Amino acid sequence: MPAVACPNGHESATSDYCDQCGARIEGAGPPPPAAPTPEPAAGAAPPPAPPPATGAAEDLECPNCRSPRSTEEKFCEVCGYDFVLGTLPAAPKVEAAVAPSGPPWEAVVSADRDYFERNDVDDVTFPDNCPDRVFTLSEGELLIGRRSERRGVRPQIDLSGAPEDPGVSHAHALLRRQADGSYAVVDPGSTNGTTLNEGTAPLPQNVVTPLKDGDTLYLGAWTRILFHAPAPHPPP
């Protein structure tokens with residue numbers, strides 16, 4: 001067979017593809033058809049469907065508890081799941097809350113302008129009228145936060161309702177009754193953190209911090225919670 005010139009200038013002994021560089025030679029027949037995709041065997045499971053496209057932020061959910069979440073959140077406000085690390089928070093290093101005993105404590109919730117001005121939060125306005133709210137602490141464990149029926153969060157110390165501090169997480173902090181009748185606070189991973197008294201650093205997450213009479217928690221953009229322990233009974 002006479003040599004055939006390929007498009008790259010080689011002399012090929014084959015007339016369909018160059019036997020030196022593999023280029024298809026002009027005038028050769030059409031390339032062989034691609035091998036058909038094999039059909040799945042009878043009874044075999046169909047191939048997995050491609051993952052759905054990412055939806056709007058409100059359509060996302062926590063992979064652990066399936067609660068709705070937004071792309072701005074680092075932690076799930078229901079179960080504390082860390083969306084960045086893909087881990088659940090460590091269990092708080094505390095014994096189980098004891099059954100209520102002795103006179104109840106009180107928590108007084110108010111708006112603190114000095115704290116608001118220190119925060120200097122954009123797009124949040126200090127409320128013109130925010131009457132104090134008093135909560136009686138009579139349970140072994142109480143959740144501080146903002147009620148959300150969509151998320152299934154129903155805190156005992158409910159800070160939702162006008163005026164509402166948008167910086168407070170739906171599940172912001174836990175109060176746990178201690179064996180001596182006092183309370184301790186645990187931040188399970190709130191978005192903006194919780195500070196105690198005049199401290200500037202947020203409380204460490206999932207660590208028990210005891211409270212005493214007169215202690216104050218600051219959370220959100222302007223929320224202050226002042227704790228009152230019951231007055232001691234005079235000796236008989």
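Trainee: In strand S9, which residue is the bridge partner of Glu141?
Mentor: Good place to start, and keep in mind that this is a predicted model. Strand S7 covers residues 141-145, and S7 pairs with strand S9, residues 173-177, in the antiparallel sense over 4 bridges. Within S9, the partner of Glu141 is Arg176.

Trainee: And in S8, what is the bridge partner of Ile144?
Mentor: Here we look at another pairing of S7. Strand S8, residues 157-158, pairs with S7 in the parallel sense over 2 bridges. In S8, Ile144 has as its bridge partner Ile157.

Trainee: Is S7 largely enclosed by the rest of the structure or largely open, and how many of its residues are buried?
Mentor: A residue counts as buried when its relative accessible area is under 20%. S7 is largely enclosed by the rest of the structure, because the number of its 5 residues that are buried is 4.

Trainee: What is the order of the strands in the open sheet of 5 strands?
Mentor: Let's build it up from the pairings. S7 pairs with S8 and also with S9. S9 is in turn joined by 4 bridges to strand S10, residues 183-186, and these two run antiparallel. The pairing in the sheet is mixed, and the order is S8-S7-S9-S10-S12.

Trainee: Which strands are the edge strands of that sheet?
Mentor: The order is S8-S7-S9-S10-S12. An edge strand here pairs on one side only, and that describes S8 and S12.

Trainee: In S10, which residue is the bridge partner of Leu174?
Mentor: Strands of a sheet pair through backbone hydrogen bonds, either parallel or antiparallel. S9 and S10 run antiparallel. In S10, the partner of Leu174 is Val186.

Trainee: Where is the cis peptide bond, and what is its omega?
Mentor: Most residues other than glycine have a negative phi, and most peptide bonds are trans. The cis bond joins Ala162 and Pro163, and Pro163 sits in the loop between S8 and S9. Its omega is about -10 degrees.

Trainee: Asp123 has a positive phi; is Asp123 buried or exposed?
Mentor: Asp123 is not a glycine, yet its phi is about 65 degrees. Its place is in the loop between helix H1 (113-119) and strand S6 (133-137). The relative accessible area of Asp123 is 84%, and the cut-off is over 50%, so Asp123 is exposed.

Trainee: What about Asn206: buried or exposed?
Mentor: Asn206 also has a positive phi, about 60 degrees, although it is not a glycine. Asn206 lies in the loop between strand S11 (194-196) and strand S12 (209-210). With 13% relative accessibility, Asn206 counts as buried.

Trainee: How far apart in space are Pro202 and Asn192, C-alpha to C-alpha?
Mentor: Pro202 lies in the loop between S11 and S12. Not counting residues up to four places away in sequence, Pro202 touches Gly193, Thr194 and Thr195. Pro202 and Asn192 are 10 residues apart in sequence, and in space their separation is 8.5 Å.

Trainee: How many helices and strands does the chain have, and what share of its residues is buried?
Mentor: The secondary structure comes to 1 helix and 14 strands. Of the chain's 236 residues, the share that counts as buried is 37%.

Methods. Residues numbered from 1 in each chain as written. Predicted model: local features only at pLDDT ≥ 70, side-chain atom pairs only at ≥ 80, totals over all residues. Heavy atoms only, no water. Buried < 20%, exposed > 50% of the residue type's maximum accessible area, 1.4 Å probe, protein only. Pairing = 2+ DSSP bridges. Contact = heavy atoms within 4.5 Å.
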